[in-house]
Amino acid sequence: ELKRIEELARRASAGGARADGFVRPGAVRVDYRVSREDFLRCNVFHERRMRARALRDPAKCFWLVFLILAAVGSVRGLVAWCSGETVPMGFVHGFYVLEALGCALGASLWYRPAALVNCAVRQSLKAGRYPPGYWGERAVWWDRGGIAFRYGAFSSSLPWKALSDICEDSEFLYFYQQEQLIMFIPKRALGNRAAAMREIARQNGGAWSRAQ
């Protein structure tokens, strides 16, 4: 095994074939393409999943409750101001306005609307802030030992147990390590092999969620 790794490293340094994470006898290989539209679609799923997790996190829920209470206080103050109520210090009205704006900003950062996040992603796409080869052709391999993937000059492999969650919706499979989405695969590229991958992952320690 060490000799194989050394040979792959030597060939990569010499400009030869790239290491593919693992290439074991019997590993299933699937080639597919990833587009910017695929990425944006998967990002919507990811943001919704993160919001659902945040609602189960006591620390994040504390900040949500704090934002709600602050927003209620600022709205009450603004309503009283509009109804003609006066206060000894006039600058308090300005404080209510700033508090309402701050709560709106805080809520958007907590909730992270998918449309707003994807708007920022599109700006990053225009600026070319993604590695060479990220778009276009990709390859994925899997067997009982784990899963590997490659795009451009980057390749990686992971045992099934290293993935904290593998989940799916009607169009994609999503592979997570903690809260990080490390890979997604269009189901159309897998065809009937998606069921075989699901079974292998479950049998070898993978945490596979139900379809969303």
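A residue is called buried when its relative accessible area is under 20%, exposed when that area is over 50%, and partly exposed in between (1.4 Å probe, protein chains only). Leucine 190 has a relative accessible area of 1%, so leucine 190 is buried.

This is a predicted model, in which local features need pLDDT of at least 70 and side-chain atom pairs count only at pLDDT 80 or more, while totals for chains, interfaces and linings use all residues. Residues are numbered from 1 along each chain as its sequence is written, and side-chain values use heavy atoms, with hydrogens and water left out.

Start with the whole chain. The protein chain has seven helices and eight strands. Both are DSSP runs, numbered from the N terminus: helices are H or I with at least four residues, strands are E with at least two. Of the 212 residues in the protein chain, 36% are buried. The chain exposes about 12,900 Å², and carbon and sulfur atoms supply 60% of that area. Accessible areas come from the Shrake-Rupley method with a 1.4 Å probe; for residues, only the protein chains shown count as cover.

Now return to leucine 190. Leucine 190 is found in helix α6 (residues 187–190). Which residues is leucine 190 in contact with, leaving aside its neighbours within four places in sequence? They are Val30, Trp142, Leu173, Ile185 and Met197. Contact means heavy atoms within 4.5 Å. Valine 30 is 160 residues away from leucine 190 along the chain, yet their C-alpha atoms are separated by 7.0 Å. Across the protein chain, take the contacts between residues at least 6 apart in sequence: 61% of them join residues at least 24 apart.

Next comes the core. A nonpolar core is a set of buried Ala, Val, Leu, Ile, Met, Phe, Trp, Tyr and Cys residues joined through side-chain atoms within 4.5 Å. The largest one holds 38 residues. Val140, Trp142, Ile147, Trp160, Phe175 and Met197 touch the most other members. Beyond four places in sequence, phenylalanine 175 touches residues including Ile147, Trp160 and Met197.

Two strands deserve a look. Strand β6 (residues 172–177) and strand β7 (residues 180–186) pair in the antiparallel sense over six bridges. Strands pair if DSSP finds at least two bridges between them. Leucine 173 has isoleucine 185 in β7 as its bridge partner. The hairpin has two residues between the strands. Glutamine 178 lies in that loop. Its phi is positive, about 55 degrees, although glutamine 178 is not a glycine. Most residues other than glycine have a negative phi. Glutamine 178 is also exposed, with a relative accessible area of 58%.

Finally, the rings. How many aromatic pairs does a search of the whole structure find? There are seven. Rings of Phe, Tyr and Trp (its six-membered ring) pair if their centres lie within 6.5 Å; planes under 30 degrees apart count as stacked, over 60 as edge-to-face and the rest as tilted. Phenylalanine 45 and tyrosine 174 are stacked, at 3.8 Å centre to centre and 5 degrees between the planes. Phenylalanine 45 lies in helix α2 (residues 36–54) and tyrosine 174 in strand β6, so the pair ties together parts that are 129 residues apart in sequence. Both phenylalanine 45 and tyrosine 174 are buried. Ring pairs link Phe39, Phe45, Trp135, Phe172, Tyr174 and Phe184 into a cluster.
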